[in-house]
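Please read the points below with the sequence and the structure open beside you.

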Amino acid sequence: MSHPDPYGSTEPRGWDRPAPALPWPDTDLEPGPWRPAPAAPTHPTEPGGYARPGAAPDTYAAPDTYAAPDTYAAPDTYAGPDTYAGPYPNSRRRHDGPGRYDGPPAGDRGRPDGPEHRGPWGEPARDDEYPTAQIAPVRDEPTDQIPAVRDEPEPEPPPGRRGRGRRRASAERPPTTTPTTSRAGRNLPAAIGVGVALGAAVVVPLFFFMPAFLAVLAAAVGIGIWEMARAVRRSGAHPPLAPLVAGGVITVGLAWFAGPDALCLGLLVTVLGTMIWRLGDGPGNYQRDLTAATLIAVYVPFLAGFAAMLAAAPGDGHLRVLVTLVAVVLSDTGGYAAGVSFGKHPMAPTISPKKSWEGFAGSVTAAAAGSAVLLWVLFDVAPWWGALFGMAISVSAVLGDLAESMIKRDLGVKDMSNLLPGHGGLMDRLDSILFAVPVAYLLLAVFVPVVS
């Protein structure tokens, strides 16, 4: 006898009557009169258990059975131990013998086609019995409303500046090192290089073309006036720059050509010109501005005029300037070396904390020794007079340095400007010289009289 294939064609195999559409395979029974499926259970006691037709309400028949004439067959059995696929291929039942059912595999429990999700006749539950209205439907959102993601280019740093952390050290590119500063707070290699360049700018025209030295001196006076006027603005004073620069250049020129009387005249002209110029700005802060202008006129062009008079001495003017500059350089160098090596006692802690009495002693000693030899060789002056000259130049140079340090501390600045690497501003180099040249002019006029 052939059995209907639940997954094959719906045509009967070997039967003259149509096979009922059952949710489970037909059992191996002898042909008999066909009976319709029993009605839905009214008192199920367990999944698959249904009331027997004609039985009492409390009496139930075995689940999933067909009744042959006067007989009942074992439910869902095959004649021999075999396996077959149930209504869903994912749920396979194994029958080892008549009347034995092991249930679905472990992987089928909890799935929609497992026994706990079947209908009263063992059929799989329909999709509408498990509503999905609580699950939000997946919709295809239009992508034209979503702004496109663009790869924004990384902003480049401004020219001349490098972002932090961009430069990486490698074997070909060593790491950037910070310039080493000395104990005096200077970049010593840069300070030496700039000092040599300044010395060459002064000495070369002094020995080879004297008028060029006057031009260098006038330029130094103009830059010094600009730095001073720029610094005193921090205190609220605004001295007029134009009359100060013009008056300073005139003062140096008058000292060069006409001597001490013309130097005083140049100072007077500079101060009067500044007063008249300042009247155009109104009476506000007039006294403060004029006081600052007078200080600048005396400190820079008037003192620099003595250097012009030293150079203008007939015959040996270049040597007079040379011995003065050498004494100042020896004073600075000796003071620096002694202060770094032995400095322990501050000389003026409230004005210049780095200056020490040991450094001052080194300045005086170096300037005295060098000037004694230099004046004896160049001017045939006795060594003790030369040593006295050196000591005086050293003291005046140190006082000039302290005076400028006091001005800077009062104004709240570290350097007059950053024009010269390792030195600060030009006034930071002229401070010692400006106080030394008047002393040198007076002492050399006594030790080495000028021959007309």
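1. Val204 sits in helix 1 (residues 188-208), where helices are DSSP runs of H or I with at least four residues, numbered from the N terminus. The model is a predicted one, in which local features need pLDDT of at least 70 and side-chain atom pairs count only at pLDDT 80 or more, while totals for chains, interfaces and linings use all residues. Residues are numbered from 1 along each chain as its sequence is written, and side-chain values use heavy atoms, without hydrogens and water.

2. At 44% relative accessibility, Val204 counts as partly exposed, a class lying between buried (under 20% relative accessible area) and exposed (over 50%), with a 1.4 Å probe and protein chains only.

3. The structure holds 5 salt bridges, each being a side-chain nitrogen of Lys or Arg within 4 Å of a carboxyl oxygen of Asp or Glu. One of them joins the side chains of Arg278 and Asp289 at 2.8 Å, N to O; because Arg278 belongs to helix 4 (residues 260-279) and Asp289 to helix 5 (residues 286-311), this pair ties together parts that are 11 residues apart in sequence. Arg278 is buried, with a relative accessible area of 4%, and Asp289 is buried with a value of 4%.

4. Arg320 forms a salt bridge with Asp316, their closest N and O atoms being 3.1 Å apart, and both residues are buried.

5. In helix 8 (residues 383-411), Glu404 and Lys408 are 4 residues apart, which means a separation of about one helical turn. Their salt bridge has its closest N and O atoms 3.8 Å apart, and a network of salt bridges links Glu404, Lys408 and Asp428.

Methods. Helices (H or I, at least four residues) and strands (E, at least two) are DSSP runs, numbered from the N terminus.
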